[in-house]
Amino acid sequence: MNDFPLKGRRVLSLVGEIYEDLELWYPKLRLIEAGADVVVAGPEANAHYNGKHGYPCTSDAAIADMNADAFDALLVPGGFMPDKLRRDPVVLDLVRAFDASSKPIAAICHGGWIPISAGVYRDVCVTGSPGIKDDLVNAGATYEDAAVVVDRHHITSRRPDDLPEFCRAFIEAIANQSGG
């Protein structure tokens, strides 16, 4: 048994004002526990962002300085943050680059708004917050009401209660990808 299946892997997580606290921190800590190096990028480097429930996060880097080639996977937490970040063309280009390289993209709850706006969910089976079900379907995705849905390199979940299944699937997707 490998205690560190993600040793040597790098994961980029997005952060912004009013992110869903558990959807950033739970996966971040599980990824670190599995051996991954996690970089949290926000609109500004070394900026303080408050979670939806008040938990703070200081970004390691600015999203504009990130390059998908430097990472093995992308984490997109939910909360209200995705609604603002999806308006940034740099964020959308970054998501498209992860998608073009078939690198794992894990979105939970309202995090799915960012891949929707990036145009990468067409013909992908996903889940997400029931509140964005219509958005997912209108983006060309097939919606499934399940704790976690994995379709190729896309890993999606509905809500914080799904985090154990979400993290297991995300870690497995990263560990099993080629070239890592």
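Start by selecting cysteine 109: setting aside neighbours within four places in sequence, its contacts (heavy atoms within 4.5 Å) are Glu23, Gly128, Ser129, Ile132, Ser157, Arg158 and Arg159. You are looking at a predicted model, in which local features need pLDDT of at least 70, side-chain atom pairs count only at pLDDT 80 or more, and totals for chains, interfaces and linings use all residues. Residues are numbered from 1 along each chain as its sequence is written, and side-chain values use heavy atoms, leaving out hydrogens and water.

Stay with cysteine 109, in the loop between β7 (105–108) and α4 (113–118); helices (H or I, at least four residues) and strands (E, at least two) are DSSP runs numbered from the N terminus. Is cysteine 109 buried or exposed? Its relative accessibility is 12%, so cysteine 109 counts as buried (buried is under 20% relative accessible area, exposed over 50%, partly exposed in between, with a 1.4 Å probe and protein chains only).

Next, select helix α3, residues 89–100. Its buried residues are Val91, Leu92, Leu94, Val95 and Phe98. Why are they on the same side of α3? Because they cover an arc of only 160° around the axis, taken from the directions from the helix axis to the C-beta atoms. Turn to the other side of α3 to find Pro89 and Ala100 exposed. Now show what covers the buried residues of α3: β1 (10–14), β6 (73–76) and α2 (81–85) are among the elements there.

Last stop: lysine 28, in helix α1 (residues 21–33). Beyond its neighbours within four places in sequence, lysine 28 is in contact with Val38, Val40 and Leu75.

Key
Expected span 1.5 Å × (residues − 1).
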